[in-house]
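Biologist: I would like to go through some of the terms used for this structure. Please set each value against its definition.

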Amino acid sequence: MTARLALSLVDAVASRLAAPDTMPLRLRDHRQQLAFGPPGIALLHIERAAHGLGPWQRAHDWLAAAARRPLTSGPDSHPFYGAPALAHALACAAGHLPGAYWRALDALDRQIEIDAVRRLGAAHRRIDAGRLPQLAEFDTIRGLTGYGAGLLRRSPDSPTTRAVLDYCVRLTEPITHHGETLPGWWTGTGPSGSPDDRFPGGHANTGMAHGIAGPLVLLAIAARNGTVVDGHHTALRTILAWLDRWRRETGGGPVWPYWVTRDELRRSRLTPFTPRRPSWCYGTAGLARAQQLAALALGDTGRRIDAENALVVALTDPDQLRATTDNGLCHGLAGLAHIAARTADDAHPSTTGRLRAAIPQLLAAACPPDTDPALMATALIHDEERGPGLLDGAAGTALALLGPSTATPTRSAWDACLLIA
């Protein structure tokens, strides 16, 4: 019953987002945004069509809406905006439609490679000069990790792909800044990427969206696919050792901080914090999946099981679940259900059953038994704060619920942009 209701919600969202001609004006302003605009909504229709649950024409219409005018490339673009954003959506569709979109994808791939090489040059010059990175240099949403995710999928052994992996290895090497040794991914800003008085001396971000978990997963997926560069496994172990150092055991199981401040680094001790939501972008869910993938790449069964158990606890701990207050993909209940399903697909036999057993409760929390799917879909789409998009909105909620509610694997690799798989 729970899964059927969740699937009804997915269908209702897709039906209400069938045609881009009906999208609100503010959505048109996000035409090139994977997180908020047409490329992300296209992913919902691509995945449903790949499952045989909807027509490909809907996906095409949303892709066409995103490409109606010239796309941004160069310094003003990033993995979730402009040419790379549309390229991800096109690649998801092209994988199921042989011959479709190949000319557009080839042109986008060439531009993306040029942009990635330019960014790599700037990053290495920054390291050579002994300066700290900006989060946007390396993170999943805006940085080289996000570029690497796309390159690894489209051209896994190309020189540019390998150059991004070389950069990720170099990022894990310590850096000396004003006489103090810091991890190479330490940034002098706050988590927003801007100077922040609450973070004197900056911070080390652990998250999947903006922190070191992104490079960890990129390196792990590359290694599992057979693309390995010098220092690859050492870099994986360096990041894992950092996460081990800051892991905290609580009554609700192991948790990791969203970030480490300069004062905490100097004291080698975390400031006490209350339970936080175990989401994809920050917290235990994303970090558990990241460590599982890294353990699989390294053949470390013990770490793999530990990571999977940490996720089981996070998905069943009342305090952590109470901190999860929305349904979205990025940091909501639907996102947790999707991560649980993805992690269960790769889990050790000793933990697979418990991971799958947590999914029905997450579906029920995201879509309670008294839900009217049509009314809920309308409310999600027209929510002033979250809207119809991918990361926080209706399309992402529907996408994240689709796999868990049908108990089938993802078909289009739509979540490759999140490095969930």
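Modeller: Contact means heavy atoms within 4.5 Å. Leaving aside neighbours within four places in sequence, Pro373 is in contact with Leu5, Ser8, Leu9 and Ala12. This is a predicted model, where local features need pLDDT of at least 70, side-chain atom pairs count only at pLDDT 80 or more, and totals for chains, interfaces and linings use all residues. Residues are numbered from 1 along each chain as its sequence is written, and side-chain values use heavy atoms, with hydrogens and water left out.

Biologist: What makes α5 largely enclosed by the rest of the structure?

Modeller: Of the 12 residues of α5, 12 are buried, so the helix is largely enclosed. Helices here are DSSP runs (H or I, at least four residues), numbered from the N terminus. The cover over the buried residues of α5 includes α3 (38–50), α4, α6 (102–128) and α8 (144–154).

Biologist: How are α4 and α5 oriented to each other, and how do you know?

Modeller: The axes of α4 (residues 56–66) and α5 (residues 83–94) cross at roughly 160 degrees and come within 11 Å. Axes are lines fitted to C-alpha atoms, for helices over the stretch in contact, and angles run from 0 to 180 degrees between N-to-C directions. Angles under 35 degrees count as roughly parallel, over 145 as roughly antiparallel, 65 to 115 as roughly perpendicular and the rest as oblique. The two helices, α4 and α5, are therefore roughly antiparallel.

How values were computed
Buried < 20%, exposed > 50% of the residue type's maximum accessible area, 1.4 Å probe, protein only.
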